[in-house]
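My entries follow the structure.

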Amino acid sequence: MDNLIEILGLGPIIEKTGVEYKSRNFEVVYSELYEKDPQSVILETIEKNVRTYFKSMNLPERPTLYDHLLLSLRPKDLIVSFNWDPFLYDAWYRNRYIYNVPLPQIAHLHGNVRIGYCPEHHIQGDLFYCPECDKAIVPSRLLFPVVQKNYADDPFIKAGFEELSSAY
């Protein structure tokens, strides 16, 4: 997270806020921006850039470490992920739906760019439509201020933590 601001080209946007960002952790900088103005257009822009960057990532078609990890576990196992990137989900999807292999479940405790939820029916899945109500799935939130991470306020993240606690 130390060079994410540079990777995403967010420096010029953050400079306008007066918050120092050079050589600082992205999540700390985000927290400071959030403290200044939680409804800021700059925060929306940052979230959009983060989402766009991570959504653009794709796995190669050959098996990867993610595939091997998934295939080494049992369906009753649970993987807890704190990554926004789509790699684990993409490997899970291709092995589960393309190759029809039984796989462990995944709890995305910091959201994920490929996953969303239906707030009405508490269904998580791809970013398309809820099978119950046919309404658009809401993308999972990715960014939280580190100084006040309250996961219980976000239904997607809360469900992931509940899945984790019920598994153990």
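The entries below record what I looked up, topic by topic.

**Basis.** I worked from a predicted model, in which local features need pLDDT of at least 70, side-chain atom pairs count only at pLDDT 80 or more, and totals for chains, interfaces and linings use all residues. Residues are numbered from 1 along each chain as its sequence is written, and side-chain values use heavy atoms, with hydrogens and water left out.

**Salt bridges.** I took a salt bridge as a side-chain nitrogen of Lys or Arg within 4 Å of a carboxyl oxygen of Asp or Glu. By this rule I count six salt bridges. I looked at the following pairs among them.

I found Arg 24 joined to Glu 32 by a salt bridge, with N to O at 2.3 Å. For accessibility I used relative accessible area: buried is under 20%, exposed is over 50%, and partly exposed is in between (1.4 Å probe, protein chains only). Arg 24 is partly exposed because its relative accessibility is 22%. Glu 32 is likewise partly exposed, at 29%.

Next I examined Arg 51 and Glu 47, whose closest N and O atoms lie 3.1 Å apart in a salt bridge. I took helices (H or I, at least four residues) and strands (E, at least two) as DSSP runs, numbered from the N terminus. The two residues are about one helical turn apart, because they sit four residues apart in helix α4 (residues 41-55). Both Arg 51 and Glu 47 are buried.

I then turned to Lys 135 and Glu 120, a salt bridge with closest N and O atoms 3.2 Å apart. This pair links distant parts of the chain, 15 residues apart: Lys 135 is in the loop between β4 (123-126) and β5 (138-139), and Glu 120 is in the loop between β3 (115-118) and β4. Lys 135 has 48% relative accessibility and so counts as partly exposed. Glu 120 is also partly exposed, at 48%.

**Helix α3.** I listed the buried residues of α3 (residues 26-36) as Phe 26, Glu 27, Val 29, Tyr 30, Ser 31, Leu 33 and Tyr 34. They pack against α1 (4-8), α2 (11-15) and α4, where contact means heavy atoms within 4.5 Å.

**Helix α6.** Which residues of α6 are buried? I noted Phe 87, Leu 88, Tyr 89, Asp 90, Ala 91, Trp 92, Arg 94 and Asn 95. The cover over these buried residues includes α5 (65-71), β1 (78-81), β2 (105-108), β3 and β4. After α6 comes Asn 100, with a positive phi near 55 degrees.

**Surface patch.** I recorded a nonpolar surface patch of Tyr 93, Tyr 97, Ile 98 and Tyr 99, with about 470 Å² of accessible area together. Patches are made of residues with over 30% relative accessible area and no salt bridge, like charges being joined within 9 Å and nonpolar side chains (Val, Leu, Ile, Met, Phe, Trp, Tyr) within 5 Å. Accessible areas come from the Shrake-Rupley method with a 1.4 Å probe, and for residues only the protein chains shown count as cover. Tyr 99 lies in the loop between α6 and β2, and Tyr 99 counts as exposed because its relative accessibility is 55%.

**Asn 49.** I placed Asn 49 in helix α4. Asn 49 is partly exposed, at 24% relative accessibility. Asn 49 and Gly 9 are 40 residues apart in sequence, and their C-alpha atoms are 8.9 Å apart in space. Not counting residues up to four places away in sequence, Asn 49 touches Leu 8, Leu 10 and Ile 13.
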